[in-house]
Amino acid sequence: MSYSLIRKKLICVLAMLLLSQTLNFVQAQEAQQQKHKAPLAKLDLKSGDSIVFLGDSITHQCLYTQYVEDYFYTRFPEMRLKFHNSGVGGAKAWDALARFDRDVAAYKPKYVTVLLGMNDGQYQPFNDMIFETYYKDMKELISKIETIGAQPILMTPTMFDARAARLTKRKRNPVATELYNSVLAYYGTWLREVAAESGFGFVDMYSPLNNITLAARQKDPTFTIIEDAVHPDPPGQVVMAYALLSDMNVQRQVSRINISKNAKGNLAATAKGGTLSDLKQTDEGVSFTWLSKSLPWVVPAKAELGAKLTKLGHRMSQESLSIHDLPAGRYELSIDGEAVGQYSNIALARHIELQSNAKTPQYQQAMEVALLNKERNEGPVKNKRNSWHAFQGYARLKRVVDASGQKNEEDLAKLKAFETQLKDHEKTIKESEAADLALEDKIFKVNQPVARKYVLKKVVATRKKK
């Protein structure tokens with residue numbers, strides 16, 4: 001073999017080794033750059049932080065958002081957050097983009113929850129072109145949320161209740177009725193993938209509504225919490241609020257008090273969620289003073305079924321009290337002089353839960369908060385959302401007119417009418433926000449915990465007269 005041939009072969013081998021090393025280096029760099037992001041595990045909030053609830057008519061209802069606000073008002077009375085409902089009836093992802101700067105970015109949110117898709121699917125069997133539009137607009141919307149420095153929390157579309165749809169008088173395509181809930185499942189599954197890959201927050205609104213409905217129909221085939229098939233009723237909206245807070249791993253317990261005798265036979269207490277003082281043992285039972293850091297999470301009467309379906313109190317708002325070493329018998333518990341219930345020594349040793357007891361002063365205080373927030377949402381918050389609904393009609397029509405490039409007199413007249421209607425749009429926003437703030441000021445006067453006097457007395461059994 002000639003020297004030149006050997007030399008060529010050596011050069012080829014060296015070149016191959018160099019190329020292999022270069023590829024390995026590039027791949028290592030790419031692997032370093034493509035580290036997987038962990039999805040948002042929990043909310044990190046402090047006073048002054050802003051949360052925007054972006055969505056369609058289900059958000060425009062001002063219900064699940066209201067119940068989420070109730071949770072924060074009662075659980076963190078020392079922390080004042082800024083809540084902004086950005087839902088508009090009939091909205092698709094494009095509509096959210098059209099109002100984004102004034103209705104989302106202007107509030108400088110730390111988190112933006114996104115509930116869109118119900119209208120985007122257009123209430124028909126799965127269609128590739130329709131989904132592509134949703135895909136493109138949602139991607140752009142998510143990008144805009146990131147651009148303003150906020151963290152997106154993507155939420156699956158809610159349930160389409162096909163059975164409820166069949167029972168309404170509204171005529172629907174039978175095939176669409178049968179398949180549309182599955183279309184929404186597909187949209188939600190894609191959102192989960194986006195959230196998981198990008199490190200966003202994710203909330204499964206779809207599964208809890210479907211699972212609760214399926215379980216309830218095992219006993220009552222007519223059961224629904226979405227009577228019109230699309231918009232969850234107040235109990236269904238509680239399920240949604242529960243899903244959002246649960247998936248974002250918020251603080252679940254209000255308080256835990258445990259009282260027992262120590263090694264010397266004296267009463268001792270351990271407590272979480274507040275400060276216990278003035279603990280005394282009496283001939284009749286026990287007394288103490290309790291200053292909690294928070295109030296239980298309660299919802300207005302029309303939504304109460306949702307609290308029962310989710311076991312909301314036990315799972316997300318537990319006020320636990322256990323008292324051990326009591327003589328056998330039955331005991332009455334009073335708080336601030338009002339009797340709230342009677343319990344056996346065995347039940348007290350195991351623990352009782354007070355969060356859903358409407359007789360307790362802390363429950364009544366929390367309900368006052370909930371009712372004030374209901375007034376806030378049904379008044380100024382909804383007034384502002386209704387004004388944005390008019391803007392949505394204007395933006396959609398303007399898009400059509402601009403795209404056509406033609407001066408259609410009828411469309412131009414409609415645009416003019418919308419412009420007249422929206423003349424006071426900014427004024428409505430500012431007036432609504434001022435009224436909103438005034439009611440929230442009232443909420444933060446009512447939601448402050450106060451020290452409560454607990455007295456447990458043994459109930460003396462009385463003989464029935466013969």
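This is a predicted model: local features need pLDDT of at least 70, side-chain atom pairs count only at pLDDT 80 or more; totals for chains, interfaces and linings use all residues.
The largest pocket has a volume of about 400 Å³. It is lined by 18 residues, of which Lys82, Phe83, Tyr107, Asp436 and Glu440 are the closest to its centre. Three elements each give at least two residues to this lining: strand S2 (82-87), helix H14 (361-404) and helix H16 (425-446). Eight of the lining residues are charged, six are nonpolar and four are polar.

There are also three cavities of 30 Å³ or more. Two of them are set out below.

| Cavity | Volume | Nonpolar | Polar | Charged |
|---|---|---|---|---|
| Second largest cavity | about 50 Å³ | eight residues | one residue | no residues |

Among the residues lining the largest cavity are Trp290, Glu319, Gln362, Gln365, Arg452 and Tyr454. Strand S9 (285-292), H14 and strand S14 (452-458) each contribute two or more residues to that lining. The second largest cavity is lined by residues including Leu43, Ile51, Phe53, Val68, Phe72 and Thr113. Here strand S1 (50-55), helix H3 (64-75) and strand S3 (111-115) each supply at least two residues.

H14 also packs against helix H15 (residues 409-421), at an angle of about 150 degrees and with the axes 10 Å apart. Because angles over 145 degrees count as roughly antiparallel, H14 is roughly antiparallel to H15. Their crossing is left-handed. In the contact, H14 residues including Ala390, Tyr394 and Leu397 meet H15 residues including Leu412, Leu415 and Phe418. By class, this contact has seven nonpolar, two polar and four charged residues.

Conventions. Residues are numbered from 1 along each chain as its sequence is written. Side-chain values use heavy atoms; hydrogens and water are left out. On a 1 Å grid over the protein atoms alone, a cavity is a set of points where a 1.4 Å probe fits but cannot get out, and a pocket is an open set with protein on both sides within 12 Å along at least five of seven lines; lining residues have an atom within 4 Å of a point. Grid points are joined across faces, edges and corners, and a volume is the space filled by probe spheres set on the points. Helices (H or I, at least four residues) and strands (E, at least two) are DSSP runs, numbered from the N terminus. Ala, Val, Leu, Ile, Met, Phe, Trp, Tyr, Cys and Pro count as nonpolar, Asp, Glu, Lys and Arg as charged, and the others, Gly among them, as polar. Axes are lines fitted to C-alpha atoms, for helices over the stretch in contact, and angles run from 0 to 180 degrees between N-to-C directions. Angles under 35 degrees count as roughly parallel, over 145 as roughly antiparallel, 65 to 115 as roughly perpendicular and the rest as oblique. A crossing is left-handed if the near helix is turned anticlockwise from the far one by less than a right angle, and right-handed if clockwise. Contact means heavy atoms within 4.5 Å.
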